[in-house]
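Opened the model today and went through it piece by piece. My entries are below, in the order I looked things up.

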Amino acid sequence: MTSSPASLRYHSQLRQSAAERRAETHPLTWRLREDGALIGLEEYVEKEGYAAVKKVLGELSSSDVIDTMKEANVRGRGGAGFSAGVKWSLTMQGGDLPRGYIVCNADEMEPGTFKDRLLLEQQPHLLIEGMILGAYANNSCYGYIFLRGEYIEAANALARAIDEARAAGWLGKDIAGSGFDFDIALHTGAGRYICGEETALINSLEGKRANPRNKPPFPGQSGAWGKPTVVNNVETLCNVPAVMQHGAKWYQELSGGLSDDGGTKLYGVSGRVNRTGLWELPIGTSGAELLDRAGGVKDGRGLKTWLPGGGSTGFLLPEHLELALDFDTIGEYGSRLGTGLLTVVTEDQSVVSLTRNLEAFFARESCGWCTPCRDGLPWTLKILQSLERGEGEQGDIELLESLATDLGPGRTFCAHAPGAAMPLESSIRHFRHEFEAGITHRRHAAHEDPIPVGEV
Amino acid sequence: MNDNASLNIHSSIASDGDGFVLHEEDRAAILEERDHYEQPQAACIEALKIVQRRHGWVPDGAIPAIAEVLGVGPASVEGVATFYSLIFRQPVGRHVILICDSSSCFLTGFDELREAITAELGIDFGQTTPDGRFTLLPVCCLGACDRGPAMMIGDDTFGPVPPEAVAELLKEYS
């Protein structure tokens, strides 16, 4: 049966019923409606919206907010896992320093990641409230939501929410009578994954090519237009209102002993499972629990491998499903939590082909600024393509391993190449035999009969 | 805006270009965008998108025209225009199809979806149908991984799109 075009339309959807979600346990999603409709200002305010702004602005100091955020230990949900409170404490402010900017990174493009879209489309006021609190803590005069250009529905929701918030006095001069001025503009992108890297994002915001910047200076010292700038992911900022309303201790306890980290996480599962989706669960929930919620592996096939949090995280094995999905635990097993959205791969899938797909993505999306990334990734891709065709030669695997090292941390301005190196290195480590099967030529065979230029 | 000498040079390039005239509404929209930022260069990407919304792509003459409005060099506008994948520097079809080719869609039927669209339209990535109706491009993970394989047609996002639904879906876009 052919589906009608209307039924094919994509809608972001949470897999948890409203009955399962409560304000005390689900700070990110308890307000979301069963039908997935946009929460407007009125409904948001009815559901305790902007209560944290009222509580904090004019009542607490900037350093009070930063201390609470540090204590809550909200770790960056964009994938890096750096404490948002610590980041905020490094933003320069005071004295003669000009007020700077707060930028929300809503450039969600990590392969396998579809969590921020949900928050942006259905609950934009939560993000705005988080940004107001972040601006207050970082002494930012203005905020930008850097949204990827393809998120049309999110752009509409955010534009409407910003207007509503401004009309109601939550944005603009003297917010809620606190004397604090702050406003937000929506900035939509025009493609390119690299815009999600925080310094590339700042260049893109300034209307330049999205090449990363050298660090230091860090954005907190000199960011957009040379002003102190703090960049946080959507989910990170959406945690701030509940932290400020209920306190750091409450937030810490949300993980219920599953993790040293506090709070919840928007986890998700995609790939070859029966019931893909998104769930807000305590941070530290296991991969097994998520796979169970996703109805298990599709068609009763065996699980071969999985990525814990996007294309730039390392492959894990079925035996790793019992691990707590938090930043420190996953980091001990040659991978990263990343965005916490699992990509599930079944036994019938060639790992060489999947790695080729991932490296093709990274090669295409390299901004070209650093040589190892610009030249190393297409080289990696070329070798993977020949292995996939069964035309590899001896030494290819060792070459890929050395490329994975040379693309690793510390060799480039940003984390793009290290992000590409992680699935490459881990796929070879776990599934070397599959790569070996693609080798049919002896070493340097390709150099024996040169192909004339123009015939390639 | 500074009324400096280089700005006048840009003006002359704009008027000697390929006959491109920046629409008054677009000029006003670009100026409004400019006010959202500390420096006018920041409105560059949005300016390109404004022009693209009207013309479908960014004609050569638009580059110096935008540069003039923003008071920046044409080279920096062109540098930006050629960097971003959603800014088109050559004509595209009335509807641009973006197929997600990232990992989750790769695992859930990207190859089959691409084949179905290629077979239906007779074009591959980077090409436009002879009737100017569709242009086909790959795109970074669309953030619709829970419903792969996913794709966009113009501003509309779809997923999952089974290969057999492609013909019917494309009929909606004339």
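**Ground rules.** I'm working with a predicted model, so I kept local features only at pLDDT of at least 70 and side-chain atom pairs only at pLDDT 80 or more, while totals for chains, interfaces and linings use all residues. Residues are numbered from 1 along each chain as its sequence is written, and chains are lettered from A and ligands numbered from 1 in the order in which they are written.

**Domains of chain A.** I started with the domain bounds, which come from an automatic or database domain assignment. Chain A is split into domain 1 (13-253), domain 2 (264-346) and domain 3 (351-441). I get 26 Å between the C-alpha centres of domains 1 and 2 of chain A. Their contact (C-beta atoms, placed from the backbone, within 7 Å) takes 19 residues from domain 1 and 20 residues from domain 2.

**First sheet.** Helices (H or I, at least four residues) and strands (E, at least two) are DSSP runs, numbered from the N terminus. I call two strands paired if DSSP finds at least two bridges between them. Four strands of chain A make an open sheet in the order S3-S2-S1-S4, with parallel pairing. S3 (183-188) and S4 of chain A each have a single partner strand, so one side of each lacks a neighbour in the sheet. Neighbouring strands are turned by 20° on average, direction ignored; axes are lines fitted to C-alpha atoms, for helices over the stretch in contact, and angles run from 0 to 180 degrees between N-to-C directions.

I then checked the pairs. S2 (residues 140-147) and S3 of chain A share six bridges, and A:Ile145 stands opposite A:Leu186 in S3(A). S1 (residues 100-106) and S4 of chain A are joined by five bridges, with A:Cys104 opposite A:Asn232.

Is S4(A) enclosed or open? Five of the five residues of S4 (residues 229-233) of chain A are buried, so the strand is largely enclosed by the rest of the structure. Buried means 20 or more other C-beta atoms within 10 Å of a residue's own, exposed means 12 or fewer, and partly exposed is in between, with C-beta atoms placed from the backbone. A:Thr229, A:Val231 and A:Asn233 point one way, and A:Val230 and A:Asn232 the other.

Helix H9 (residues 234-246) of chain A lies across S1 and S4 of chain A, at about 95° to S4(A).

S5 (residues 264-271) and S8 (residues 341-346) of chain A run parallel over four bridges, and I found A:Ser270 bridged to A:Thr343.

**Contact between chains.** Chains A and B each give 45 residues. S5, S6, S8 and helix H13 (351-365) of chain A each give two or more residues to that side; H13(A) gives the largest share, five residues.

**Chain B.** I count eight helices and four strands here. Of its 174 residues, 48% are buried. Its assignment has domain 1 (5-81) and domain 2 (95-171), with 31 Å between their centres over C-alpha atoms.

Definitions and conventions
Contact = placed C-beta atoms within 7 Å.
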